Amino acid sequence: MPENPETTERPGAEEPAATRPRRRQARGERRVAQLLEAAASVFCASGYTAASTNAIAREAGVSPGTLYQFFPNKEAIAIELGERLMHQMRETYGEALAPVGPATPLEEAVGAAVDRFIEFNCRHPVFFALMHGPDIPGRIAEEHDALHVTLVSRVETLLSSFLPDAPAADVARTAHVCLGIYKAGLELILGHEGPEREAYVREVKKVLLRYLQPMVDGRGQTLPDTP
């Protein structure tokens, strides 16, 4: 029985017009992902200020002209990369700082939260390099400040599970101190690999636990200042 010429796919037949934009869009998304991955590597290696679009294009294996088809400058690349990372970070702290039951041990809650954040930062070291550098673009700085405010609020909520009677101001201060301890430890963790990195992770957990445990044991009572 002869084939229907209208349904037979012929070699060299023109691609349907409706398919072409989707293919171009998919190629464009892959190219953007490639450029962002290259930018992350360059920002980690040299910092935002010293990085250049030429270096990013070279890392991506494309010409500067190809890069400029997608991003007008280095700042646009950093902003796109930062926004994507902050979206992922919001998902991470949503999981890491979920409310816990009253019977949950403090050590378990601290360990789970630290592990989630460490895993994210080790998988995306550019997040620390970009967000905590002295020269990040203003738009990223503003969005990171908003992210930090929300993160502090989530830490306060988690701490309130263990310090139900503590004054709100004390809980807020404790949340800021916990984040400060974590940030300081993170720089050491990212600077090491393998067993030494794991050792620093344990030290950060130990410091946080020793800071929080006396408060939890006292159920939020203000501790006397150490002379």
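**Fold and helix packing in the predicted model**

Of the contacts in the protein chain with a separation of 6 or more, 71% are accounted for by residues 24 or more positions apart. The structure is a predicted model. The protein chain contains nine helices and zero strands, and its pattern along the sequence reads α-α-α-α-α-α-α-α-α. Of its 227 residues, 38% count as buried.

The average pLDDT is 85, and 85% of the residues score at least 70. Among the elements, the highest mean pLDDT, 97, belongs to helix α2 (residues 53–60), and the lowest, 84, to helix α1 (residues 19–46). Over residues 1–13 the pLDDT is below 50, and this stretch has two contacts in the model beyond near neighbours in sequence. The pLDDT also stays under 50 over residues 220–227, for which the model has seven contacts beyond four places in sequence.

Helix α7 (residues 138–162) packs with helix α8 (residues 168–190) at an angle of about 115°, and their axes lie 9 Å apart. At this angle, α7 is therefore roughly perpendicular to α8. The crossing of the two helices, α7 and α8, is right-handed.

On the α7 side, the contact involves His-148, Leu-151, Val-152, Val-155, Glu-156, Leu-159 and Ser-160. These meet Val-171, Ala-172, Thr-174, Ala-175, His-176 and Leu-179 in α8. The residues of the contact of α7 with α8 comprise eight nonpolar, four polar and one charged.

Note on methods:
Residues are numbered from 1 along each chain as its sequence is written. This is a predicted model: local features need pLDDT of at least 70, side-chain atom pairs count only at pLDDT 80 or more; totals for chains, interfaces and linings use all residues. Side-chain values use heavy atoms; hydrogens and water are left out. pLDDT is the predictor's confidence in each residue, from 0 to 100. Helices (H or I, at least four residues) and strands (E, at least two) are DSSP runs, numbered from the N terminus. Contact means heavy atoms within 4.5 Å. Axes are lines fitted to C-alpha atoms, for helices over the stretch in contact, and angles run from 0 to 180 degrees between N-to-C directions. Angles under 35 degrees count as roughly parallel, over 145 as roughly antiparallel, 65 to 115 as roughly perpendicular and the rest as oblique. A crossing is left-handed if the near helix is turned anticlockwise from the far one by less than a right angle, and right-handed if clockwise. Ala, Val, Leu, Ile, Met, Phe, Trp, Tyr, Cys and Pro count as nonpolar, Asp, Glu, Lys and Arg as charged, and the others, Gly among them, as polar. Buried means under 20% relative accessible area, exposed over 50%, partly exposed in between (1.4 Å probe, protein chains only).
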